[in-house]
Amino acid sequence: MSEQAPESPSVDGSLFEAARQGDIATLTALLDEYPDKLQVRNQPYEHTLLHLAAFAGQLAAVDLLLKRGLDVNAREKGDNTYAMHWAAAAGHLEVVRRLADAGGDVVGYGDDHTLEVIGWATCWDGCDDPVHRAIADFLVSRGARHHIFSAVAMRLEDEVRRIVAADPSALAKPLSHNEGFQRPLHFAVRMNRPTMVALLLELGADPQAPDGSGFPAAAYAMAPDIDRSVMQLLRARGSMDLFAALALGEWDAATRLLRDDPRMIHPGGASAGGLHLMAKRGDARAVQWLLDHGADPSARWAHWDADVTPLHLAALGDHPEIARLLLRAGADPSIRDSRHDSDAMGWAEFFHRQEIVQILKDHRASG
């Protein structure tokens, strides 16, 4: 029996691949032969050829598709975005410029993340660089305006002050459901913008206001001092809890609080997730203090949508020292989280935390 010839790619698949790779010869030939395929949509979110070419930074392919008549403001149905959102997020200034010159909407209101194009250029991890700043500046030059999240992301103090002066409610405006309805203060903590955290508090942001899951801004910290100004304000208001005391290194105050309620760090206690959050933020002194005072290194706690252990969150935050402390204290690395069914090793591998992967391997070998 002869071998069956491999199935040739579909016309649609070939078009999408040519747009992604910037293969102008193939793209031109296919569109000449199948002109109706200009409007082809990929599944499941129905993005266009222009979305793919823009995201890949393929300026020549973008130019060809626009000249062929593809709508510069066509939206895909996943996040309801233009190709310009995708180009801005990927850091392709010349593509953004070409799309704007072709009549692209530089504001982009209505995307599912409620960030607009300027937010897609500035509000994702990895967008804190000169290229994305240049894209934001270009969008502003064409008529876009910063909102509070893009201004925080870009560390634009004067712009944040202007926005809040014009609309004080901006301090409480949440991001979309995709980001758990984070408020600007949550966002500033998560994006590691300590000067912006302090500024938002100065302007009146509530340090204890919850996100959509009921967590305050401090729950987003991935470094020990990012939200220090939050903790200092809580202390000044006389509302310092165990978590704030530990974050500030106020060990005497922490000892008094725990003495008044010895169960607070145990399951169901007022500070049951303290070890988890201190592990996530990489606060070795606080982690050690909690372990010394009886916190369970293997306890499960609901971190947003999953029950996890402190080891999971040490992997998330890329804190090898914390992983070592927890393992020495008897943490069980085989416990799986409740959503992804993954142990600490799985989290460390997923987030590319190579040092923690090795620590867990060494621990497994020594056991």
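**Exercise 1. At what angle do the axes of helix α19 and helix α21 cross, and within what distance do they come? Then work out how the two helices run relative to each other and which residues touch.**

Solution. Keep in mind that you're looking at a predicted model.

Step 1: find the two helices. α19 covers residues 320-328, and α21 covers residues 354-366. Their axes come within 9 Å and cross at roughly 20°.

Step 2: Angles under 35 degrees count as roughly parallel, so α19 and α21 are roughly parallel to each other. As for the hand of the crossing, it's right-handed.

Step 3: list the contact. On the α19 side you'll find P320, A323, R324 and L327, and on the α21 side E355, I356, I359, L360 and H363. Sorted by class, the contact of α19 with α21 has six nonpolar, one polar and two charged residues.

**Exercise 2. Describe how helix α2 packs with helix α4.**

Solution. Step 1: α2 is residues 24-33 and α4 is residues 59-67. Their axes lie 10 Å apart, at an angle of about 20°.

Step 1: with the cut-off for roughly parallel set at under 35 degrees, α2 and α4 are therefore roughly parallel to each other. The crossing of α2 and α4 is right-handed.

Step 2: from α2, the residues I24, L27, T28 and L31 meet A60, A61, L64 and L65 of α4. The class count for the contact of α2 with α4 is seven nonpolar, one polar and no charged residues.

**Exercise 3. Which way do helix α16 and helix α17 run relative to each other, roughly parallel or roughly antiparallel?**

Solution. Step 1: look up the geometry. α16 (residues 274-281) and α17 (residues 284-292) have axes that come within 8 Å and cross at roughly 155°.

Step 1: apply the cut-off. Over 145 degrees counts as roughly antiparallel, and that makes α16 roughly antiparallel to α17. Here the crossing is left-handed.

Step 2: see who meets whom. G274, L275, M278 and A279 belong to α16, and they meet A286, V287, L290 and L291 in α17. Split by class, the residues of the contact of α16 with α17 come out as seven nonpolar, one polar and no charged.

**Exercise 4. Zoom in on L275: is this residue buried or exposed, and what is L275 in contact with?**

Solution. L275 sits in helix α16.

Step 1: check the accessibility. Buried means under 20% relative accessible area, so L275, at 4% relative accessibility, counts as buried.

Step 2: leave aside neighbours within four places in sequence. L275 is then in contact with V287, L290, L291, A295, D296, P297, P310 and L326.

Step 3: From L275 to W289 you go 14 residues along the sequence, and 9.3 Å through space, C-alpha to C-alpha.

**Exercise 5. Step back to the whole protein: how many helices and strands are there, and which residues of the largest nonpolar core touch the most other members?**

Solution. Step 1: the protein has 21 helices and two strands. Its C-alpha trace spans about 80 × 70 × 30 Å along the principal axes.

Step 1: of the protein's 367 residues, 49% count as buried.

Step 2: the largest nonpolar core has 121 residues, and L65, M84, L99, L139, I148, L200 and L326 touch the most other members.

Step 3: follow one of these, L99. Setting aside neighbours within four places in sequence, L99 is in contact with L50, A54, V62, L66, V72, A83, M84, A87 and G104.

How values were computed: Residues numbered from 1 in each chain as written. Predicted model: local features only at pLDDT ≥ 70, side-chain atom pairs only at ≥ 80, totals over all residues. Heavy atoms only, no water. Axes fitted to C-alpha atoms, helices over the stretch in contact; angles between N-to-C directions. Helix = DSSP H or I, 4+ residues; strand = E, 2+ residues; numbered from the N terminus. Parallel < 35°, antiparallel > 145°, perpendicular 65-115°, else oblique. Left-handed = near helix turned anticlockwise from the far one by under 90°. Contact = heavy atoms within 4.5 Å. Nonpolar A, V, L, I, M, F, W, Y, C, P; charged D, E, K, R; others polar. Core = buried A, V, L, I, M, F, W, Y, C linked by side-chain atoms within 4.5 Å. Buried < 20%, exposed > 50% of the residue type's maximum accessible area, 1.4 Å probe, protein only.
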